[in-house]
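Look over the structure first.

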Amino acid sequence: MTNEKEPTLTREGFRDDILHHLKYTVGKDRHHASVYDWRLALSYALRDRIVEPWFASTKATWDNDYKRVYYLSMEYLIGRILEDAAINLGLKGLAAAALLDLGQDFDVIALDEPDAALGNGGLGRLAACYMESMATLGCPGYGYGVRYEHGLFRQRFEMGQQAETPEDWLSQRHPWEFERPESNYTVRFKGHMEERHGKTVWVPGETVIATAYDTPIVGWEGRWSNTLRLWGAKPTTLFDLERFNRGDYAAAAAPETLARTITRVLYPDDTTYAGKELRLKQEYFLTSASIKDILRRYLESHDDITELDKHIAIQMNDTHPALAGPELIRLLVDRHDLPFEQALEISQNVLGYTNHTLLPEALERWSTWLMGSVLPRHMQIIEKIDAAHLKANPARPASIGIVRNHEVHMGELAFVMANRVNGVSALHTELVKSQLFPALDKLHPGRVINVTNGVTPRRWLKLANPGLADLVTETIGEGWEADLDRLEELVPHIEDNGFREAFMAVKRANKAEAAHWMKVKCGIEVDPDAMFDVQVKRIHEYKRQLMNVFETIAQWHEIKKNPEGDFVPRVKIFGGKSAPGYAVAKEIIHLINDVAEVVNNDPDMRGRLKVIYPPNYNVTMAERLIPAADLSEQISTAGKEASGTGNMKLSLNGALSIGTLDGANVEIRERVGAENFFLFGMTAQEVIERRKNVNHAREAIEASQALKDVLQLIAEGRFSPNQRDRYHGLVHRAWNSDYFLVTSDFTDYQRAQAEVDAAFLDPDRWARMAALNTAKMGFFSSDRSIRGYMENIWGARSAL
Ligand code: 6GP
């Protein structure tokens, strides 16, 4: 692969490229072009520069018969593409200059792009980071996903409550993709099985066509480029002409309705299992089209289907694509006439499964009735897989069968079908072995391995925080973007006053920018010198935003009691969406907004406490808030957060963490050192012990006057004066159930928060700790994670 930019590309040349696209692709003249038109023209001009490396990468893979990696995921939380592509191509400066010549501003244009939100949270954003790292490392691969017409809903607050409206990223032209109408596969559902000439034949009841849309994913410096292939759905017959002519328009459009429904929306739920027929169809739609495409590509250059496992690896991102196993077996047996046992073995050799959560409600299960009616052939195959596994492991306990209690257990299916199962942080992997799949782990020792998550430094440092990225380059030179361990070279500079001052000046500037943005977005003025205390992530009980609000209320109460006292000024910043059907999470959102209303309008709080909750947290908002954070809240109940990746992004950008021993916090703390991490709370083991005491909540509350006061204030309606009993249910649950142990960890959390205050009062100490966080984050590059997958799971080699 060539590492060079095209030698001919100059500012003038690029300007002409933009003008060419504006005129001939967008169809506008420059005097009447809107920001949208300019954005399209710029995107096409940049995209042109990806095509060469993209073709070259594809050709190199064919010519050298490299092993290909296929990443199957129901979610890709991509965010904006334009600036990321420009940075990876090394063309951001040139593009900005060319635009300036045309009277346009790069930043304004980049901001016009919709935030592609084909994912809910951690799992989807991880998939996006991994696609970028695979391209950077030259790992020949494809991402497969669904081209949802509507991504994750838009969040608004109405009287403090979350309201959802549909997102419509595709209502505008999407310049990064290439439609591939020639790459299409029929996906079948329902119907029945027949025996014909000794063969089992599936006669489907419904069919749709999956058609490919390709987005090139360019790696750092444009050295390699892979493809993200998203499937759209089309009807097999356009419409029923006979019915149409009879005037029955609705029935005539039925085939189209079926197709459109499948790719209409992303299920707006993370970490919960959606027991819907449509969801099962979506999962099969992705899986079937992808597996057929994989086999088609393989057979174009290989004759022997039994050698498949030498040439490809397929990764299942959680259980959502776990039908990959049965589908691959089905095709090998029914279409390629392999015996079942051989098909099973080949499939197991190519498949890997990543688990992303221990929450029991997230482990997918489908009733055998539903599976049997939507996918009758797969139900047969799943039963055969289960029987074969039992035969090979006669000691297998009944409690871990794939099919049991009239349900298909997708976690067990994925485990049995995969040659490697991985957790996403060291602690989580241990819990996958000991809590989630203990019996399967015993039967298959060594199958479960760990690959700690990572984030791409190109987006999460270079793009999101140009000030810090420049300081890093000035201090240790170029090249850290693709070799993040080099951040360690910052360590000696931390002793240098000048470096620390420069580091904090960048933070101050980012905070000032964020403060300005918050003023515009939320109408609230905040002091950039106050501590920015940030908790941004999905709203979930286990992530314990509630504990953070309780602490905010306790702080408010302290200030009220002592209005002349000295307090470290804080801005509490929240961001995140709740699943639309998750009532308890929505109640937490309401409470945060109610508390914000009281706090922000209380003159006693001025210069001391503010609460900001900008609506519609997404990748773009993360890019704005993370570089401005001083404190990173990673406060989940130990044993519940599989890894977390926001924790890595925040540390990388020089925020200090307050957190529990959960997920990747454990590894972050190991690296930054215990003295630079504000640890509190119970361990995963202590959590289990604590729950055995049925009075844990009551006892914890009785032991803390502050907490008692907080609950009393909420119960009295101090934050909901127009509906005083609004939070009676919430307060009742805090006293009586509190499964996530907010009350038991609260006092220790307060203690740690007081330590945070003390550290913040010593700016020099804080600066050292913050810079050390950045310096020690090399390990958390997604390049390191992908290397781990390549070596220990996929057996894939870099093409570079
Ligand atoms: C998330 C986990 O909650 C988070 O801890 C982890 O960092 C992330 O996955 C990436 O591994 N899980 C999901 O988003 C999810 O939907 C089914 O799990």
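Into which domains is the chain divided? The chain splits into domain 1 (1–64 + 83–114), domain 2 (65–80 + 115–453) and domain 3 (457–777). These bounds come from an automatic or database domain assignment. The model is predicted: local features need pLDDT of at least 70, side-chain atom pairs count only at pLDDT 80 or more, and totals for chains, interfaces and linings use all residues. Residues are numbered from 1 along each chain as its sequence is written.

**Ligand site**
- The ligand lies between domain 2 and domain 3, because both give residues to the shell around it.
- Of the 18 residues around the ligand (C-beta atom, placed from the backbone, within 6 Å), Gly122, Leu123, His356, Ala642 and Ser643 come nearest.
- The shell holds five nonpolar, 10 polar and three charged residues. Here Ala, Val, Leu, Ile, Met, Phe, Trp, Tyr, Cys and Pro count as nonpolar, Asp, Glu, Lys and Arg as charged, and the others, Gly among them, as polar.

**Domain 1 against domain 2**
- Their C-alpha centres lie 33 Å apart.
- The contact (C-beta atoms, placed from the backbone, within 7 Å) takes 23 residues from domain 1 and 23 residues from domain 2.
- On the domain 1 side, helix H2 (35–64) and helix H3 (82–88) are the elements that give two or more residues. Helices are DSSP runs (H or I, at least four residues) and strands likewise (E, at least two), numbered from the N terminus.
- H2 gives the most, with 12 residues.
- That side divides into 12 nonpolar, seven polar and four charged residues.

Methods
Contact = placed C-beta atoms within 7 Å.
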